[in-house]
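Here is a walk through one protein model, from helix packing to the overall fold. Keep the structure open as you read.

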Amino acid sequence: MKLDVFTVSDNNNKAQKVIISQIKELINYKNLEPGDKLPSERMLSEKFGVTRGLIRDTIQKLEFYGLLKSIPQSGTFVANIGVVAMNGMIDDILRLESPDFKSLVETRILLELKTVSLAALRRTDEDLKNIEEALVAYEVKALAGEDAVQEDLLFHLSIAKASGNATMNMFMLTIIPQIIMDFEKYHVCDKDKSVLGIQEHRCIYEAIKTQNSAQARDKMKEHFSFLYQYCYSTQ
């Protein structure tokens, strides 16, 4: 399994906000109703003077928030949301700022304490195999003294998938890229901590394997103790 890391630069983020505002104005100007079709990516690209790739990324962002819906071979449509609600939601999106490291860590800890509990209860044999493969990949990198951040997060993503909760899994996939960038930016994990993480991962895996939900949660909480302390000691 490969972890694809995507990043959104500050310039792209600003450009997306401009495009979101323009799409909002377009919907209001044309009085588009739920289910109405937006112009094609090519037409929006020409109209707004930006690349089709940026239009596509912006549409995907609005899809994530449930404001638009793309149907293959058909186009992009306004979601089943009233105009007033849609304008309010778009305004909220435009006011959103990029999450800081602390808020990402808090969100991740809250999510993972729940997902690991569910994974212990719901995991299948295939889930267990995927978790173990991610664990081994992390061990190989850590013992070799190599950067194992992506392998570490892949281990946690495999647990989120095993939870059987698609929404929690989606949230994890959403915040993981920024966490990877912040780990590298702040040099959170050194070699010693990576090696220590091997045993911690192993304990989490064993608790999931034996389907001990309470123990899995406790072991995950122990695993996060250093990250939690690092976050709150970083001002």
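In which sense, left-handed or right-handed, does H2 cross H3? H2 passes H3 in a right-handed crossing. A crossing is right-handed if the near helix is turned clockwise from the far one by less than a right angle, and left-handed if anticlockwise.

First, the ground rules. This is a predicted model, in which local features need pLDDT of at least 70 and side-chain atom pairs count only at pLDDT 80 or more, while totals for chains, interfaces and linings use all residues. Residues are numbered from 1 along each chain as its sequence is written, and side-chain values use heavy atoms, with hydrogens and water left out.

Back to the pair. Two packed helices are described by the angle between their axes and the distance between the axes. Helix H2 covers residues 41-48 and helix H3 residues 52-64; they pack at about 110°, with axes 9 Å apart. H2 is therefore roughly perpendicular to H3 (65 to 115 degrees; under 35 is roughly parallel, over 145 roughly antiparallel, the rest oblique). Axes are lines fitted to C-alpha atoms, for helices over the stretch in contact, and angles run from 0 to 180 degrees between N-to-C directions. On the H2 side, the contact (heavy atoms within 4.5 Å) uses Glu41, Arg42, Leu44, Ser45 and Phe48. H3 supplies Arg52, Ile55, Arg56 and Ile59. By class, the contact of H2 with H3 has four nonpolar, one polar and four charged residues. Here Ala, Val, Leu, Ile, Met, Phe, Trp, Tyr, Cys and Pro count as nonpolar, Asp, Glu, Lys and Arg as charged, and the others, Gly among them, as polar.

Now take helix H5 (residues 101-122) and helix H7 (residues 149-162). Their axes lie 7 Å apart at about 55°. H5 and H7 are therefore oblique to each other. Their crossing is left-handed. The contact includes Arg108, Glu112 and Val116 of H5 and Leu153, His156 and Ile159 of H7. The residues of the contact of H5 with H7 divide into six nonpolar, two polar and three charged.

Next, the strands. E1 (residues 68-71) and E2 (residues 75-78) pair in the antiparallel sense over four bridges; pairing requires at least two DSSP bridges. Ser70 stands opposite Thr76 in E2. Three residues separate the strands of this hairpin, and Gln73 in the turn has a positive phi of about 70°.

Finally, the whole chain. The protein chain has 11 helices and two strands. These are DSSP runs numbered from the N terminus: helices are H or I, at least four residues, and strands E, at least two. Of its 235 residues, 40% count as buried (under 20% relative accessible area, 1.4 Å probe, protein chains only; exposed is over 50%, partly exposed in between).
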